[in-house]
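Please read this briefing with the sequence and the model side by side.

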Amino acid sequence: MSETALIDKVIPAADVVKRAARIGAEIKNIKLSGDLSNQTIVAINSVLLEHKVVFFRDQGHLNDDEQERFALCFGKLVPHPTISVSTGTVSINELNSACAGSRADMWHTDVTFVDAYPKILVLRAVVIPSFGGDTVWSNTAAAYLDLPPPLQRLADELWAVHSNAYDYAVKSRASEADKKHFDEVYTRTIYETEHPVVRVHPETGERTLVLGDLVRHFVGIPKYDGQRLFDLFQSHITAPENTVRWNWKQGDVAIWDNRATQHYAINDYGDQHRVVRRATIDGEVPVGVDGRRSVTRTRAAKQPPATVT
């Protein structure tokens, strides 16, 4: 039996519903757990590689432990480099709107400030507001294909420095509490990594753009020119035709390929409560079109301010 036929047997085609032309699919009639067969995990991963982000409704039976057991089926679990994990878990971060620094209302690929950033994220909806709070994902492989050939060749040659110490106050509508959290927690240790602007996907062979708001600058490009290049490439990534928007319900789960997507959590729910929990699967060091691998430049604790005597 061919792999395609096997996948169709495990997850019938009728249970895979596209959510947008270029990105996103919902898989129906499946109960997620750490006990799913290897064939089922292979089938889910195949759908994920094709559609970049996959959604599941009605997974309210999951708790933190079972979410991690399911995520573990896709690879090694890793904690976030700068944010504490939930008690008793290996990798789960809680994004709670009642806490500072929890609203990721910026276009980004998760944790690109390290070299081997996560390959897959598993996000579970715990508390959902009565309106707003959707998440939007974009397809960075499709965005690369949209570039005219001369711009593809330019992107192939570019490298960019990503850091957790990005221009947070400029790029986010941050409160004073958010800024304090950013300074004292998120950037307690400063990371900087050089990534190719175009990486070769290790499973599909696709070329994907590695950008987002964690980019500080392009290597060897003056800031003025670099900002215009960034805006040009990023506009292809975030073009509406290249995105899918998910309206969360409590108990939903989303899985995305962090090597081929960016996402944006829409901050349009006011003071309502929103809680989601995310499990993280370790990734590979990106490889550029020319075979070079990403390189860590900086990993250092912040220095306390000098005292004047």
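What follows is a short account of this model, grouped by topic.

This is a predicted model, in which local features need pLDDT of at least 70 and side-chain atom pairs count only at pLDDT 80 or more, while totals for chains, interfaces and linings use all residues. Residues are numbered from 1 along each chain as its sequence is written, and side-chain values use heavy atoms, with hydrogens and water left out. Helices (H or I, at least four residues) and strands (E, at least two) are DSSP runs, numbered from the N terminus.

**Helix packing**

- The axes of helix H5 (residues 149–157) and helix H8 (residues 223–237) come within 12 Å and cross at roughly 120°, the axes being lines fitted to C-alpha atoms over the stretch in contact, with angles from 0 to 180 degrees between N-to-C directions.
- H5 and H8 are therefore oblique to each other, a term for angles that are not roughly parallel (under 35 degrees), roughly antiparallel (over 145) or roughly perpendicular (65 to 115).
- On the H5 side, Leu151, Leu154 and Ala155 meet Leu229, Leu232 and Phe233 of H8, where contact means heavy atoms within 4.5 Å.

**Nonpolar cores**

- The largest nonpolar core has 25 residues, and those with the most contacts inside it are Ile27, Leu32, Ile44, Phe56, Phe70, Val122 and Ile255; such a core is a set of buried Ala, Val, Leu, Ile, Met, Phe, Trp, Tyr and Cys residues joined through side-chain atoms within 4.5 Å.
- H2 gives the most to this core, with 5 residues.
- Leucine 32, leaving aside neighbours within four places in sequence, is in contact with Ile44, Phe56, Gln59, His61, Leu62, Phe70 and Val253.
- Apart from this core lies another, of 16 residues, among them Tyr144, Leu147, Val198 and Ile237.

**Two loop residues**

- Glutamate 206 lies in the loop between strand S9 (198–200) and strand S10 (207–209), and is partly exposed, with a relative accessible area of 28%.
- Buried means under 20% relative accessible area and exposed over 50%, with partly exposed in between (1.4 Å probe, protein chains only).
- Not counting residues up to four places away in sequence, glutamate 206 touches Lys52, Ala141, Arg199, Val200 and His201.
- Valine 210 is found in the loop between S10 and strand S11 (215–218), and is buried, with a relative accessible area of 3%.
- Beyond neighbours within four places in sequence, valine 210 is in contact with Tyr117, His162, His195, Pro196, Val197 and Arg199.
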